[in-house]
Structure formats: structure tokens, C-alpha cells
Amino acid sequence: MFEKTESSSFLKGKNDRNWSATFDWLIADKNMAKVLDGNYEDKKSETDRTSFGHDLDEYKSLVNSFGD
């Protein structure tokens, strides 16, 4: 949980309210579950994803494998 928290910009205060997660907030059952489920993971940029939410690198790899 702490590794996921450390890698989350939102939980470290990079949000519109400058709010950051405290230890007490993190260890609350419902909040801990959300962190562990990945709800606060940083999102890939729009340039890295298609409009359907798929990773462009996956498509590139798939397309490039057709020639093999």
C-alpha cells in the first residue's frame, strides 16, 4: 500500500485542492482498499492512449508482429 501511495501524484498532493493523504486516512479500511485496488494510480497521458482507453504501444506491437 505504501509503494502505491508513494507512486500516486494525487495522494501526494498534486490535485486541485493540494490535499495529500495522511497516515490515518490511508489506514482506514475503505481508503486502504481503494489504494490497493489502484484507484489512485497515475493515469497515462492522452497521447499514450487511444480514445477507447487502450495502450497505443500494444497496438504498435500487434501491428508490427503481422510481418513476422
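A polar contact is a pair of N or O atoms within 3.5 Å. I keep that cut-off at hand for my opening entry. I also note that this is a predicted model.

**Entry: Asn15**

I looked up Asn15 and located it in the loop between α1 and α2 (23–27). Is Asn15 buried or exposed? Its relative accessible area is 12%, so I log Asn15 as buried. Next I asked which backbone nitrogen the side chain of Asn15 reaches at 2.9 Å. That nitrogen belongs to Asn18. I then checked Arg17. Its backbone nitrogen lies 3.0 Å from a polar atom of the Asn15 side chain.

**Entry: salt bridges**

How many salt bridges does a search of the whole structure find? I got two.

I took the pair of Glu41 and Lys4 to begin with. Their closest N and O atoms are 3.1 Å apart. I wanted to know where each partner sits. Glu41 is in the loop between α3 (29–36) and α4, while Lys4 is in helix α1 (residues 2–6), so this pair ties together parts that are 37 residues apart in sequence. I also looked up the exposure of both. Glu41 has a relative accessible area of 42%, which makes it partly exposed. Lys4 is partly exposed too, at 31%.

Then I turned to Lys12 and Glu6. Their side chains meet in a salt bridge, with N to O at 3.5 Å. Lys12 comes out as partly exposed, with a relative accessible area of 44%.

**Entry: the nonpolar core**

In soluble globular proteins, nonpolar side chains tend to be buried together. Which residues make up the largest nonpolar core? I found five: Leu11, Ala21, Leu26, Val35 and Tyr40. I picked out Ala21 and listed its contacts, leaving aside neighbours within four places in sequence. Ala21 is in contact with Leu11 and Leu26.

I followed up on Leu62. It is found in helix α4, which runs over residues 56–65. Leu62 has a relative accessible area of 46%, so I mark it as partly exposed.

Terms used: Residues numbered from 1 in each chain as written. Predicted model: local features only at pLDDT ≥ 70, side-chain atom pairs only at ≥ 80, totals over all residues. Heavy atoms only, no water. Helix = DSSP H or I, 4+ residues; strand = E, 2+ residues; numbered from the N terminus. Buried < 20%, exposed > 50% of the residue type's maximum accessible area, 1.4 Å probe, protein only. Core = buried A, V, L, I, M, F, W, Y, C linked by side-chain atoms within 4.5 Å. Contact = heavy atoms within 4.5 Å. Salt bridge = Lys/Arg side-chain N within 4 Å of Asp/Glu carboxyl O. Polar contact = N/O pair within 3.5 Å; in protein donor to acceptor, adjacent residues only side chain to side chain.
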